[in-house]
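User: I am new to protein models. Can we take this one in short questions?

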Amino acid sequence: MGLGPRSPHKQGRRFPAGGKRGRGAKGSGRPPPGRQRHPCPPPDGRSEPAPDAHPHLSPEALGYFRRALSALKEAPETGEERELMVHNVLKEVEAQALALATNRTGSEMLQELLGFSPRKPLCRVWAALHSNLRFVACHRCGVHVLQSALLQLPRLLGSPAEEEEEEEEDGKDGHVETLEELVLGLAAEVCDDFLFYCGDTHGSFVVRTLLQVLGGTLLESERARHRGSQSPEAQKAPSRECKPTDFEVPETFLNCLQNLSSCFLKDIAVFITDKISSFCLQVALQILHRKLPQFCAHLCSAVIGYLSSRNSSADGSPLLLFLRDQTSSRLLEQVLLVSEPPRLQSLFEDHLQGQLQALAAHSIANFPLQRFLDAITTPELLSPVFEELSPALEAVLAQGHPGVVIALVGACRRVGTHQAQVLQLLLEAFHCAEPSSRQVACVPLFATLMAYEVYYGLAEEEGAVPMEHQVEMAAARDLGEATVLGSLLLQHLLHFSRPCLILQSLSALTGPQLLTLAQSPAGSHVLDAVLTSPSVTRKQRRRVLKLLKGHYVALACSRHGSRVLDAIWSGAALGARKEIAAELGERNQELIRDPFGHHVARNVALTTFLKRQEAWEQEQGAVAKRRRALNSILED
């Protein structure tokens, strides 16, 4: 966001968009599948064992598994032929499991093959790798195979047990451990050498996935990471729908989860300060918060207790030093997110009170401060926090930490207090509070995170009286690019109990400007908030949306605008739907040829509207009636 000349900060600056944290992971490429439908058995034998006694995969065997995987993808999803094919392929996998798992291409294929595997063959492959667990878990390719095997449990634990088939196979080949026994056995081995696995770059991934499986919860990050090795149906699901998912697990898993998590207490200092090991504790806190909240609170107490016992810093609590540390601050973020209101209150009073502005200005500590604000749910805690932090909003924005401001606004939205105060402070920070005519321009300023003078390119001298807002100048200017954080800010404000000023500012935009906002990847979510916020009345909603009239075709032919138009259509009455359909129908051929427009045309049933309008009206009336009935049921 920009700072105007009246600010004590450097003239003409934008407020920086804020720093980023996290690691981007590149997807691993896959070899093209073969064309042969029924692969021949692999040539006998593997290549000679390597000097380290770990087998390598021959090119012939690799080719066989590539063809087998291709054939499985092309085979019907059900049927005896497919079952036999899966059984035969996995029988060969069992014989060469270690070689496949530790080969880069073989590992990727094995991960996909495990996605097809029934319970018993998966157990046999797992058992084949078990004797080399440490080697596989700490191998850059093998670790992904173990993770993929663990991630099959939600699917296999919910499937009916193949009891008769298992008994027959056990009689032929001897006893094979059950899936539950294999998971518990893996947990026991990890527990015996917990520090080693948690501290290893690759082994820590196994620990994190194991914790999730034992707790019956898959976190968003793990599901996204393994999207490439999931079934085709799972790959089609958009990543924004990936949320923590729960599944049923045996009681023994939850007992094992508690036993495994207690290992963190033995070496708590390592898990707080070591970057790799800390990730395991962060995942454990998320799982325990959902499944064993009392033990989660016990772990949080241990972390805070250890940090509080260190030497005090010169400016207050020793906890402040760790909030500024790259590794321990990430762990503290998670501790804050899973802490209950009483613990948050005591953390604020004992460690954070009087330090919030300094933390907001720090390049690292501002992130755990954001999580602290995200966790606030009571007015008793929000009031002192708001009183301390609110005077520094403009300075925090100028320092490039808008996430802190947005987290504070989000807390005001969630708790329902200080909403008018924070809006007034935002207007002052963006230099559009006075004169009052400038307030109508707040939406473009908030969306772009720019102060009034910077956004409109004005050069006001310091101390000069701010000029009135020029409506013609604002209408002639193209809307600036909405930022992600600016969009989040507007979404929060639209969910305030009185979003009148934001709605007035949206209504003051021209049609092309609102179209630009709706077509923006970030700005389109502002329109979503207009459509979904319970604080926005139908009359206010119509006043904003009528600006898009005459721009429906441009909206429909946009990647993000078409999604906004679909949302408008879903909530529109029959009269509004007729207006939209009539406007789209004038350029029907253009819509049909457009990659996004043709989906809108199908959703609107545009062909029916143009050829049989009476039938279209009856169909749309029936849809509206069903929607009203559903809404009344949901309201009851």
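User: Leaving aside neighbours within four places in sequence, which residues is Ser-107 in contact with?
Analyst: This is a predicted model, so local features need pLDDT of at least 70 and side-chain atom pairs 80 or more, while totals for chains, interfaces and linings use all residues. Residues are numbered from 1 along each chain as its sequence is written, and side-chain values use heavy atoms, without hydrogens or water. Contact means heavy atoms within 4.5 Å. With neighbours within four places set aside, the partners of Ser-107 are Leu-100, Ala-101, Cys-141, His-144 and Val-145.

User: Is Ser-107 buried or exposed?
Analyst: Ser-107 sits in helix 4, residues 104–114. Buried means under 20% relative accessible area, exposed over 50%, partly exposed in between (1.4 Å probe, protein chains only). Ser-107 has a relative accessible area of 2%, so Ser-107 is buried.

User: How many helices and strands are in the protein?
Analyst: Both are DSSP runs, numbered from the N terminus: helices are H or I with at least four residues, strands E with at least two. The count for the protein is 43 helices and two strands.

User: What share of the residues is buried?
Analyst: The protein has 636 residues. Buried residues make up 50%.

User: Among contacts between residues at least 6 apart in sequence, what share joins residues at least 24 apart?
Analyst: Take the contacts in the protein between residues at least 6 apart in sequence. The share that joins residues at least 24 apart is 73%.

User: Are helix 22 and helix 25 parallel or antiparallel?
Analyst: Axes are lines fitted to C-alpha atoms, for helices over the stretch in contact, and angles run from 0 to 180 degrees between N-to-C directions. Under 35 degrees counts as roughly parallel, over 145 as roughly antiparallel, 65 to 115 as roughly perpendicular, the rest as oblique. These two axes come within 9 Å and cross at roughly 30°. Helix 22 and helix 25 are therefore roughly parallel.

User: Which residues of helix 22 are buried?
Analyst: Helix 22 spans residues 341–352. Cover for its buried residues includes helix 19 (293–308), helix 21 (326–338) and helix 24 (366–375). The buried ones are Leu-344, Gln-345, Leu-347, Phe-348, His-351 and Leu-352.

User: Which residue with a positive phi follows helix 22?
Analyst: Its phi is near 85°. The residue is Gly-354.

User: Which residues of helix 12 meet helix 10?
Analyst: The axes of helix 10 (179–192) and helix 12 (203–215) come within 11 Å and cross at roughly 135°. The two helices are therefore oblique to each other. Helix 10 brings Val-183, Leu-186, Ala-187 and Val-190. Helix 12 brings Val-206, Val-207, Leu-210 and Leu-214.

User: How far apart are the C-alpha atoms of Val-553 and Ile-580?
Analyst: Val-553 lies in helix 37 (552–556) and counts as buried at 4% relative accessibility. Val-553 and Ile-580 are 27 residues apart along the chain. Their C-alpha atoms are separated by 9.3 Å.
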